[in-house]
Amino acid sequence: MGNIHQSITELVGRTPLLNLGGFQKHHGLEANIIGKLEYFNPNQSVKDRIALAMIEDAEKSGKLKPGDTVVETTSGNTGIGLAAIAAAKGYPFRVYIQDQVSKERFQVIQAFGGKTIKLTEEPTIAKTLEETKGDFIAAIKALKENVLDKEEGVTFVDQCSNPANPDVHKRTTGPEIWEDTDGKVDILVACVGTGGTISGTGAYLKEKNPNIKVVAVQPGPNSLPSAEKPVPDEEITGVHPFEGVPENLIPATFDRKIYDEWIAVEALDAYEAAREAARNDGILIGASSGAALYAAKLLAQRPENKGKNIVAIFPDTGLRYLSTNLFTTEE
Ligand SMILES: Cc1ncc(COP(=O)(O)O)c(C=O)c1O
């Protein structure tokens, strides 16, 4: 009937592209920086795409049955997206959360009826973290083997190893960019967390036109934990280093051959770019979007990129960072 949707699952994807004219003018840029506004997804982030895809993939394969519990180990955007999609589809949802995660994240997941468990509250994880001096990957592996694999009616979706993650970007994000630019895209810029976005979107675009350049963004050295500073002053949530990182620590969802170039962006530069997008174009984007925008600016300043169309993925909304320093003004 008419144009009434029956489920939020129908509202995932088909996000708009916006040419950041104000930002370009502000910096005197001669290339187009076009943001893909993923906060237009129903739960305000790019992760709605993989939340829906991972759940529907598990349904199709028969792994996830009515009444089963969906489980994930991230309270980030994926946790929020999964909590909402699981609620809409009638599945219980459980997420294991790092203790330092902000209160808002717990509240949002709980609002969707999701169950939140702190890592230190789960004995297997707490023990492994203690034995390995905080190795999160080892702790999740132990949780999977010792707890989740032994539990009936549980589907651990695991965004870092699930092929449905890059696949949904190849099926949706890539084609949307290609269609909405009429194929006139020269460069794709995306931050890397699980690597799903850049791998799937980049694969589709390169299939359409092998000359499209794919640029991957990682945090700069000052925005990463180091021996001197285990917790950096500022960080880019959801974005992880990959250059120089051993293969066994790279998520299976990241195809390292997909990018032609990588750029490291410091958190403070990412924050400033996000603030400039707010002031000049009226969009409130998150820290990783700011990082992609800053990298896009560096690319736009190169003479060889004059007149080119640079599409940058903006994964989420700045509203998710009001308790961080992203939009706090200098005293
Ligand atoms: C806010 C934010 N931006 C960017 C990314 C990176 O996306 P992907 O995991 O597809 O590489 C993530 C991933 O967790 C994220 O949470």
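1. Asn-77 counts as buried because its relative accessibility is 13%; buried denotes under 20% relative accessible area, exposed over 50%, and partly exposed in between (1.4 Å probe, protein chains only). The model is predicted: local features need pLDDT of at least 70, side-chain atom pairs count only at pLDDT 80 or more, and totals for chains, interfaces and linings use all residues. Residues are numbered from 1 along each chain as its sequence is written, and side-chain values use heavy atoms, with hydrogens and water left out.

2. Asn-77 belongs to helix H3, residues 77-89 (helices are DSSP runs of H or I, at least four residues, numbered from the N terminus). Its side chain makes polar contacts with the side chains of Asp-316, at 2.9 Å, and Arg-320, at 2.7 Å. A polar contact is a pair of N or O atoms within 3.5 Å; within protein, one must be able to donate a hydrogen and the other to accept it, and residues adjacent in sequence count only if both atoms are side-chain atoms.

3. The ligand is surrounded by 15 residues (a heavy atom within 4 Å), and the closest are Lys-47, Gly-193, Thr-194, Thr-197 and Ser-288. An oxygen atom of the ligand lies 2.7 Å from a side-chain N or O atom of Thr-194. For Thr-197, a polar side-chain atom is 2.5 Å from a ligand oxygen atom. Ser-288 places a polar side-chain atom 2.6 Å from a ligand nitrogen atom.

4. Leu-284 is in the loop between helix H9 (267-281) and helix H10 (287-300). Leu-284 counts as partly exposed because its relative accessibility is 30%.

Notes: Helices (H or I, at least four residues) and strands (E, at least two) are DSSP runs, numbered from the N terminus.
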